[in-house]
Structure formats: C-alpha cells, structure tokens
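User: I have the model open and want to go through it bit by bit. Can you put the sequence and structure up?

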Amino acid sequence: MISMTGFGKSELDVLGRTLLIEIKSVNHRFFDANIRLPRVLLSYEDLIKKILQDNIERGHVDVFVTYKNSTEHSQQLILDEDLAQSYLEIHEKMAELYSIENNLTTCELASYPDVIIREAAEEDNEALTSLITDCTKLAVDSLNNMRYIEGDKLRNEFNLRLQNVADYVDSIEERAPLIVNEYREKLKNRIEDYLQNSIDLDQTRLLNEVAFFCDKANIDEEITRLHSHISHFYDIMEDSGAVGRKLDFLIQEMNREVNTIGSKSNDLNITNLVVLLKTELEKIREQVQNIE
C-alpha cells in the first residue's frame, strides 16, 4: 500500500553535466504533474512525464529540475555580422562627413553592445536524454521509498481503527437481541398500567406488535455486511498497486450500513455505539484520501 505523499531527489554529474531533480507529491484524485525545467531542457518535459506516469498512478506531483553544463564547449560566441557592418558603415560615414581619420579597431568594434553574443552551446541530445532518464528514475525511486514508508504507517493506523470498528460492531451485535425482549416488557407494562389490570391482556396482539417491532428494527443484515466489509478492507490492504479508490468506496458502504443501523435503532446504547463507529470511520476516510 502506497501513500500519495512523499518527497524524493537525485543528483547526477556525468562528464561535466550536473542535473538535480527534486520531486514532491501530494494526494489528488488523478495523476497530475507540474514540471519546472530550465529553458535549455524544455524539450525533455514529455520524457520526464512519461517516467513519472510509469511509476505513479495517482497524485499531484511537482518536479523541480536544476541543470548546469560545465563541459569544455558549454558556451559559444556568436558574431552579429549585420550589426557589426552597421557600426563600420557609421564610422566610415562619420570620417567622410567630418574629414577625420576612421581609426576604429577590431577590439573597439567587438566591445560595442550585442556585436558579440555569448550563448550556451548546442547540447548533446543523446547525452542529455540518458542523464535525464537515469536521474529521473533515481528521484522517483527515492520518492517511492518514502511513499511506501508512509503507506506502512497508514496501514498500521487502519489496523488500529478497524479493530475499534470491529469491536463496536460486536457490541452492537450482542446488544441487538436484547432490545426486542426489553421492548416487549416495556410495551406490556405500559398497556397493563393503562388498563389498570381491569381487562386481561391479549397476548396474541402483544406478540404481533412485538413481531412487527422486531422486523422493523432488525439489523442482522447490516451487521453481517459490516463484518464482510471489514474483512474485505483487510484483503484490499494486501493488494498491490493503487487501492485508494477501492478503500474509499468501501468506507462509503460501511458508513451507509452504520447510518441504517442508527435509523432503525431506538436504543440508546446502540445509538452511542453508532456515534463511535462513525467517528472511527471518518478518521479512516480522512487517511484513505492519502492512499494511491
């Protein structure tokens, strides 16, 4: 089981090319990547995204990439020939107009703005592709290691909460059969008090009323389904891959069963247990949102 929250990074230096990739992930309904690259690496965004998608099924992922090229030919100088020619023509025209010597030197011409431009040399695509691929995979491995650790912590949390849920369901199951007997005695006592023992109580009608109440308040099916859902939750936690959506759906089903029990029951003890159940399920639901 994998958490959607984590952080990982990797730094590689190969033949003067240094690449640092940092990845941060948080929970999200779908896969969503925000990749921040220096201008020289913009064309490699799809490569990085493909590696992320192969390893991450769900979550919002922020990727920060830093790159430095310290190779021998990492920079190049470019002469703007048109601009240099314009400067030369201006100097010649000034010399002619004012009858002065044109003493413009090469050094002076080179010092004029934008005559010589310093740019990054064209990158070696094959070398960069290999570097980015290796560094991204290492960063993703680092991220996933943390996500697995967080997933184990969540598993332990779920085991604790599910045990509480199972205990509350067991308590409701033990309490449920007693409600009918208590209802029958309360109903009988109320009727006898009302009739003041002047008329014999019709046992058949009393039994019919109790049977009607028993059918209306019966929660055996809901308890059985809750036990099944709890068992299924444990099974899903042992599955590989993305299980977050399955667990989220299962929690919704468990909440539905608990709400039904609460609506059927007019017993204070069961009502209190339903409140405790819903509290535990809400805590589980909040944590399930972090599972991939």
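**Notes on the model**

User: Leu-15: buried or exposed?

Analyst: Leu-15 is exposed, because its relative accessible area is 76%. Exposed means over 50%, buried under 20%, and partly exposed lies in between, with a 1.4 Å probe and protein chains only.

User: What are the ground rules for these values?

Analyst: This is a predicted model, so local features need pLDDT of at least 70 and side-chain atom pairs count only at pLDDT 80 or more, while totals for chains, interfaces and linings use all residues. Residues are numbered from 1 along each chain as its sequence is written, and side-chain values use heavy atoms, with hydrogens and water left out.

User: Back to Leu-15. Where is it?

Analyst: Leu-15 sits in the loop between strand E1 (6–14) and E2. Strands (E, at least two residues) and helices (H or I, at least four) are DSSP runs, numbered from the N terminus. The hairpin of E1 and E2 has two residues between the strands, and there Leu-15 takes a positive phi near 50 degrees.

User: Which other non-glycine has a positive phi?

Analyst: Ser-99, at about 55 degrees. Ser-99 is in the loop between H2 and H3 and counts as exposed, at 68% relative accessibility.

User: How do E1 and E2 pair?

Analyst: E1 and E2 run antiparallel and are joined by nine bridges. Two strands count as paired if DSSP finds at least two bridges between them. Glu-11 stands opposite Leu-20 in E2.

User: What about E4, which strands does it pair with?

Analyst: E2 (residues 17–26) pairs with E4 in the antiparallel sense over 10 bridges, with Val-26 opposite His-60 in E4. Strand E3 (residues 31–36) runs parallel to E4, and six bridges join the two. In that pairing Ala-33 stands opposite Val-61 in E4.

User: How many residues of E4 are buried?

Analyst: Eight of the 11 residues of E4 (59–69) are buried, which leaves the strand mostly covered.

User: Zoom out. How many helices and strands?

Analyst: Eight helices and six strands. Starting at the N terminus, the elements run β-β-β-α-β-β-α-α-β-α-α-α-α-α. Of the 292 residues, 35% are buried.

User: On to aromatics. How many pairs are there?

Analyst: A search of the whole structure gives two. The rings of Tyr-87 and Tyr-112 have their centres 4.6 Å apart and their planes at 55 degrees, so this pair is tilted. Tyr-87 lies in helix H2 (residues 81–98) and Tyr-112 in the loop between helix H3 (106–111) and strand E6 (116–120), 25 residues apart.

User: What are the cut-offs?

Analyst: Rings of Phe, Tyr and Trp (its six-membered ring) pair if their centres lie within 6.5 Å; planes under 30 degrees apart are stacked, over 60 edge-to-face, and the rest tilted. Both tyrosines are partly exposed, Tyr-87 at 23% and Tyr-112 at 24%.

User: And Phe-158 with Phe-233, what geometry?

Analyst: Edge-to-face, at 5.6 Å centre to centre and 80 degrees between the planes. This pair links distant parts of the chain, since Phe-158 is in helix H4 (residues 125–195) and Phe-233 in helix H6 (residues 220–237), 75 residues apart. Phe-158 and Phe-233 are buried.

User: Last one, H8. How far does it reach?

Analyst: H8 (residues 268–288) has 21 residues and reaches 30 Å from first C-alpha to last, close to the 30 Å expected. The expected span is 1.5 Å times one less than the number of residues.

User: Which of its residues are buried?

Analyst: In H8, Ile-270, Leu-273, Val-274, Leu-277, Glu-280, Leu-281, Ile-284 and Val-288 are buried. They cover an arc of only 135 degrees around the axis, which puts them on the same side of H8. The arc is that of the directions from the helix axis to the C-beta atoms.
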